[in-house]
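Please view the sequence and the model before reading on.

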Amino acid sequence: MYSQERVYHPYVGPFDPCSPHTAKTYVLPPEVFLGFQPPTLAQFPPMEALRRGVLWPMLYSPYHGRGDRPEARDAE
Amino acid sequence: MWKYEKKLQYPVRVSRCDPYMAKLLLEQYGGADGELAAALRYLNQRYTIPPKVIGLLTDIGTEEFAHLEMIATMVYKLTKDATAEALRAAGLGDHYVNHGHALFYQNASGVPWTATYIQAKGDPIADLYEDIAAEEKARATYQWLIDMTDDVDLQDSLKFLREREVIHAQRFREAVEILKEDQEKKKFY
């Protein structure tokens, strides 16, 4: 699956009071691009679909927490 | 007319005693982009939307109440055994003074829910675009809530709810496409 996360690098000033985050991330979930859902998409098995909250892998959007929390990103 | 199933849409398990998280979760309970606002918004807009998408608003509005139940369950579990002192430490002292252990429709900052959070403009595109924005804002709120807890069980339920927002946004976008398509169709009678 393509990555749904995008990164940008905000300006960092020489006198910023807090240690800067050089990379900021945001999510571009699949519905932004899909348009009409095409018919006969691949499906998760029923139990997995119930757990994920979606029947079609194409519309699944994982979220592991923000990039500034590395321990959370290793969870899945 | 509704039929009620006496179970949650998705299991809610809370593994860590964290009354402060209950305060944060209230954003999705009685906040501007919360589940109550979503349910009331869609179930009211549906009367004046083209017939092709009425059912969609009914279905999604109904599901939002199922989500509201889940959030309520989380908040209740996180606060039901908290002492007044623990609630005070979690920033819920003012909540306790006004509501005791009861839940109330207010956001994470304690601002009570208001109908000004929702809109019904009677214009299908204006209303559906508001609905899409509401779903994306709710999705973002769930992301920030997931960021605010280390409880993997709570995160699990929140991830489910976040995915449902993704699907709802997709369906509202399709509803806009349906209304556009009707326009392009060359109908000859």
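The sections below cover the basis of the report, the interface and one residue.

## Basis

This is a predicted model, in which local features need pLDDT of at least 70, side-chain atom pairs count only at pLDDT 80 or more, and totals for chains, interfaces and linings use all residues. Residues are numbered from 1 along each chain as its sequence is written, chains are lettered from A in the order in which they are written, and side-chain values use heavy atoms, without hydrogens and water.

## Interface of chains A and B

In chain A, 24 residues are in contact with 25 residues of chain B (contact means heavy atoms within 4.5 Å). The two chains bury about 2000 Å² between them, and carbon and sulfur atoms give 49% of this area; buried area is the accessible area (1.4 Å probe) lost by two parts on being put together, summed over both.

Helix H1 (31-34) and helix H2 (46-52) of chain A each supply at least two residues of the side that touches chain B; helices are DSSP runs (H or I, at least four residues), numbered from the N terminus. The count of salt bridges between chain A and chain B is 0, a salt bridge being a side-chain nitrogen of Lys or Arg within 4 Å of a carboxyl oxygen of Asp or Glu.

## Residue B:Arg41

B:Arg41 is placed in helix H2 (residues 35-45) of chain B. B:Arg41 counts as buried because its relative accessibility is 3% (buried means under 20% relative accessible area, 1.4 Å probe, protein chains only).

Beyond its neighbours within four places in sequence, B:Arg41 is in contact with residues including B:Ala32, B:Glu130 and B:Asp131. A polar atom of the B:Arg41 side chain lies 3.5 Å from the backbone oxygen of B:Tyr117.

Conventions. Buried means under 20% relative accessible area, exposed over 50%, partly exposed in between (1.4 Å probe, protein chains only). A polar contact is a pair of N or O atoms within 3.5 Å; within protein, one must be able to donate a hydrogen and the other to accept it, and residues adjacent in sequence count only if both atoms are side-chain atoms.
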